[in-house]
Structure formats: structure tokens, C-alpha cells
Amino acid sequence: MNTRGENRSSKVPEVALIFWIIKIAATTLGETGGDAVSMSMNLGYLVGTAIFAVIFAIAVTAQVSAKRYHPLLYWLTIIATTTVGTTLADFADRSLGIGYAGGTSILFAMLMGSLFVWYRSMGSVSVDTVRTKKAEVFYWVTIMFSQTLGTALGDWTADTAGLGYTNGAIVFSILLAIVVAAYYWTRISRTALFWAAFILTRPLGAVVGDLLDKPVSAGGLALSRYSASMVLFGLILISLYTFPQRAAEKSH
């Protein structure tokens, strides 16, 4: 049980429409940004993962150490998880030869394990309860697994399953629409639906990112990874300053 002194104000944003818009933009940026470093710069997946892992470590340390919610810091940390998730999944799937199906299965098991341990340890995996350093660590570890899983799942759907990037985006959009419908018209746990939506936005961003920057011969639009990344980052900044976000309120 947490002591009173350990409880702090929430440092994660309230879940509203703008949250999901920024989340999808951030996950798409993670794909284009990760590919820009590992592919366009020809640094490779391992070096790209090392670079983004350092950025992620710095960002998440600053986020956990912060005393209150800082929108820009929070979303920079999210972006860090998406970029390192992109290069890490690509390294495991392609360089290590695990394959998309194998990588997806392993990462899904790790994600479920993270949620299970978090629940057993804290009694809840709701974002409303992320008010202690321990809960924050679980939160960011779970997000890290979900972002990496999303890259593998998106690539598996578009490439191995043969749906392509456009059809892959349609599939994940439909699945997200089902989650939204369940939120409004069923009594399914809101926490379960949040994590379902959170996980699904990552493969959606992965296939949209690939659609933007992959060659036309591979089914993409062949846009510059650098330009696409800058536009997406600009969209995130505009959204943050146009629609200010509040910290999540404590559930009663």
C-alpha cells in the first residue's frame, strides 16, 4: 500500500479526443523518424536502436522525476518510445531473423506480462492511478512494450499477411472504431478499452508511416522521411498549444 507521501498529482494527460489525435501522430512520427535514422541515414537498426534508447532513457527519467504534468515532456517521451520501438522491432524482426510473426508473439506476451505484473503489484492498471514512481515505471514499461509490438504487428499485417499499407491502415482503423463503439455502447471495462485503443494506435501509425515513406514499388508514397517527420512533429506541437491538455483527474 502506498503511503500518503508517495501519492502525487497525475503526470499523464486526461484521455480525450485530442489525446488520441496526438497519439496517432506520435506513433506515425515514430515510424518515419525511426526509419529516417536507421534507413535514410544508413546507420542500421542496431545503431538506431542505441541512439533512440539513450533518448528514451533521458526522456523517461525526466518524466518520472518531474513534479507535475508537462505536456511537451510527456509527448516527447511518448515519441521516444515510438522511435526506439520502431528500430528495436525492425532489428529483432529483420536483423535477428525472428520474423514479424515471431516478434509479434514475443512482444504480445511481454506486454501482457507487464500488465499482469502491474495489476498484481498495484491492484489496477488504470492511468488514473499513475500517481507514484512505481506506477509510472510500470506505465512506461508497458507503453514501451506496446509501441514495439505495434511496429511488429503493423509490419506483419502489411507485409507478411500481404494486406499492404493502405489496407493495413483500414483494418486497424476499423478495429479502433470497434473499440470506440464498445466504449459508448457496452459496459466493457474502460481500462481494458483504453489499453486496447492505445495498443491499436501503434500499428495504425506504423502502417501509415510506411505508407508515407516507402517506395511506390512497395505500395508507399515515397515521401521524404525527414519531411514527413517534421510535418508530423509540427502537427503535434500545434495540437499541444492549440488544445491545452490537463492532467488526468483522480477517479472517485
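Contact, in these legends, means heavy atoms within 4.5 Å. The model is predicted: local features need pLDDT of at least 70, side-chain atom pairs count only at pLDDT 80 or more, and totals for chains, interfaces and linings use all residues. Residues are numbered from 1 along each chain as its sequence is written, and side-chain values use heavy atoms, with hydrogens and water left out.

**View 1. The loop around Ala222.**
Ala222 sits in the loop between helix 7 (190-213) and helix 8 (225-242). Helices are DSSP runs of H or I with at least four residues, strands are runs of E with at least two, and both are numbered from the N terminus. Leaving aside residues up to four places away in sequence, Ala222 touches Leu212, Asp213, Lys214, Pro215 and Val216. Leu211 lies 11 residues from Ala222 in sequence, and their C-alpha atoms are 8.0 Å apart. Ala222 counts as partly exposed, because its relative accessibility is 44% (buried is under 20% relative accessible area, exposed over 50%, partly exposed in between, with a 1.4 Å probe and protein chains only).

**View 2. Helix 4 against helix 5.**
Helix 4 (residues 100-122) packs on helix 5 (residues 133-160) at an angle of about 160°, with the axes 8 Å apart. Axes are lines fitted to C-alpha atoms, for helices over the stretch in contact, and angles run from 0 to 180 degrees between N-to-C directions. Helix 4 is therefore roughly antiparallel to helix 5 (under 35 degrees is roughly parallel, over 145 roughly antiparallel, 65 to 115 roughly perpendicular, the rest oblique). The contact of helix 4 with helix 5 has 19 nonpolar, eight polar and three charged residues. Here Ala, Val, Leu, Ile, Met, Phe, Trp, Tyr, Cys and Pro count as nonpolar, Asp, Glu, Lys and Arg as charged, and the others, Gly among them, as polar.

**View 3. Helix 5 against helix 6.**
The axes of helix 5 and helix 6 (residues 164-185) come within 8 Å and cross at roughly 125°. So helix 5 is oblique to helix 6. From helix 5, the contact uses Leu153, Gly154, Thr157, Ala158 and Asp159. Helix 6 supplies Gly164, Tyr165, Gly168 and Phe172. The residues of this contact divide into four nonpolar, four polar and one charged.

**View 4. The setting of the close-ups.**
The chain has eight helices and zero strands. Its C-alpha atoms fill a box of roughly 55 × 40 × 40 Å along the principal axes. Of its 252 residues, 48% count as buried. Among contacts between residues at least 6 apart in sequence, 77% join residues at least 24 apart.
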